Every structure is written in structure tokens, then in C-alpha cells.
Amino acid sequence: MGNLSESQMAIVTLMDRKFEVLKKALPANVNPERFKQAAIMAALENPRIVLECTPTSVFTAILQAAQLGYNLGSAYKEAYLVPYRDKRRGVTECKLTPGWKGMKLAIERSGVVDYISASIVHENDECEISFQPPGVYHGANLKKDRGAWLGVLACAYRLPTTSDGEKQLVDFEYLSEDRILAAKAQARDKSLWEKWPAEFWKKTGIRALCKKFPMVNDELVTMVSWDNESNIPLEEQAPTVHQDTATAVAAVKELPQAEVLPPPPESPQAAKAKEKTKPRKKRTTKKSTETTAAPTPFGFA
């Protein structure tokens, strides 16, 4: 990796220095060297990752991808590194957001279904959807142009148990263009949508389909939580755990005050003991009512 700037070399140095930590986090079926190279290329894809994000947040996002075995970057479409500006803390942090293949893998590995598909529906495609009984058909007429994008069709299947069986449709979700663009409008960083629109259209469809299934394992819960965070506008985000002192004090002041309860009634035994231990009053002498003669001023008889 020649001709790298100083900030780019900092990412490479960080990955080399933390390589042993990544190797321990990666699943056994993932090549550590290939993962490291993919992570470096993913960080270099966006100049803001290198120039603005804190090194700790970059490595944390990469380590999260390693723990789940997701390759980073546009070449794999499993997960991406995205910079997010935290206005409260005044820093830019690197966050991990899932790609459509990463979310597809999470649902398939959860065991709730065997196979997930997602396809963009064009205006000249042949597409039929039946809600009762559930059924879908999506084909393309190869003799003419497919036309503009209309939406995304995401389907979940059970694979056949026998060689002559057919895959069974478990559920599906169709999102129109309006719903896709509404999801894009909520994204804090739209650069990925601009670079790879087809991938993020598909991911939005799979994410909608994912909501129909129970969150049965940690991987699926984690992937959905990453995506939820990436689509929440920054102004609506809850305060982070790392609050400054002023914020923490303000939060404490807003807590409800503890109720002050009256003391319990005093028992007869305690009253008697208290009476015995009362200090005795000191005797006071009455002042004399007699007035003493005032002394004669010196020099005047």
C-alpha cells in the first residue's frame, strides 16, 4: 500500500498493531489476513473515516464486524463503515452498519428460515403477488428494457427436505419506491445510498421482512440494532453513556426526590428512658431588686 498519506498510514498501523486481537475475535472459517485487508480498504473508501473519525471508534467498528464474521466494504456488501457526527460530544465516530448480504446472512443463520432473496421490481417486469394464499412471481421480459425502479420484493423460504421437493414460501414483503425513499430520508449518512443504491434498496426490503420474524439469536438482534441506530436522525438520538459532567448533573437534578416519611410513634419504654436521661435544669438566683448607689464622679463632691 504505497503512496498513502499520514492519516491513511495511521489506519494501516492501527490494524497491524491490533491484528492479534482481531484474529482472536474472528470465527475459525474467516481468513484473518483477508479480513484485515478488507477492513483497511473499507476504511480508505470514505475519506471522512480516515480524516475525521476517532481511531478508537474505527477499531471498535472493525472489531464488531470481526466478532460476527462479516467482511467489510463494497466488495462484499455484508457491512460498511460509516462516519457519524456526534454534535453533543463534538466528535465524529465510526459506526458499523449492515449491508443487504449481512442482514440476509443473519436471518438465514438464525434458523427461522433457510433462504432469503431480494430483488428490485422494474416497471416493465412481470410481477404478481398473492396475499391469500401467499404467493409471489417475479420475472423479467428480456425482449425490452426493464424500465424504472418501482420497489423491492423480499422473500423468505424453507428449502425442500427431499431432492424432488420444492422450496416453500414462508413470508414476503414488498416495499414501494415511496417507502424506500422514506427510509433513505431517515438515514444520517446518505453517501452509501448514493454510491450503491441497488444494494440499499434490497437491504431496506430485507430489513422490513426481518421484522416479521422473532429475534431468536444475538446476531440477528445486533444487526437490527445497528441498522436502527443508523436510521435514527441525530437530533432524536438518546444521550450516549459517555456524558459530560454538566449533562450528568442535569440528569440527576431531574430525578424525582425521595419522599420524607414521618418518624414512627415513640414507645412507652423509650419515653420513660428518655425522661430519666433528661439533663437537670441549673438553679438560677434571683437578681436583687435593690439599687446600689452610683459612684460619685471623680473631682465633683
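Residues are numbered from 1 along each chain as its sequence is written, and side-chain values use heavy atoms, with hydrogens and water left out. Because the model is predicted, local features need pLDDT of at least 70 and side-chain atom pairs count only at pLDDT 80 or more, whereas totals for chains, interfaces and linings use all residues. Helices (H or I, at least four residues) and strands (E, at least two) are DSSP runs, numbered from the N terminus.

An open sheet is formed by three strands in the order E3-E6-E7, with antiparallel pairing; two strands pair if DSSP finds at least two bridges between them. Strand E3 (115-122) and strand E7 (168-176) stand at the edges, each with a single partner strand, so one side of each is left without a neighbour in the sheet. On average, neighbouring strands of this sheet are turned by 20 degrees against each other, direction ignored. Eight bridges pair E3 with strand E6 (residues 149-158) in the antiparallel sense, and Val121 has Gly151 in E6 as its bridge partner.

Two helices pack on this sheet. Helix H7 (residues 177-186) touches E6 and E7, and its direction makes about 75 degrees with that of E7. Helix H9 touches E3, E6 and E7, and its direction makes about 50 degrees with that of E6. Contact here means heavy atoms within 4.5 Å. Axes are lines fitted to C-alpha atoms, for helices over the stretch in contact, and angles run from 0 to 180 degrees between N-to-C directions.

H9 (residues 197-210) also packs with helix H6 (residues 100-110), at an angle of about 25 degrees and with the axes 8 Å apart. That makes H6 roughly parallel to H9 (angles under 35 degrees count as roughly parallel). From H6, Trp100, Met103, Lys104 and Ile107 meet Glu199, Lys202, Lys203, Ile206, Arg207 and Cys210 of H9. By class, this contact has five nonpolar, no polar and five charged residues.

Elsewhere, strand E4 (residues 126-131) is joined to strand E5 (residues 134-139) by six bridges, and the two run antiparallel. A hairpin through two residues connects E4 to E5, and Gly135 in E5 is the bridge partner of Ser130.

Six aromatic pairs are found in the whole structure; rings of Phe, Tyr and Trp (its six-membered ring) pair if their centres lie within 6.5 Å, and planes under 30 degrees apart count as stacked, over 60 as edge-to-face and the rest as tilted. One of the pairs, Tyr80 and Phe200, is tilted, at 5.4 Å centre to centre and 40 degrees between the planes. This pair links distant parts of the chain, with Tyr80 in strand E1 (residues 79-86) and Phe200 in helix H9, 120 residues apart.

Terms used:
Angles under 35 degrees count as roughly parallel, over 145 as roughly antiparallel, 65 to 115 as roughly perpendicular and the rest as oblique. Ala, Val, Leu, Ile, Met, Phe, Trp, Tyr, Cys and Pro count as nonpolar, Asp, Glu, Lys and Arg as charged, and the others, Gly among them, as polar.
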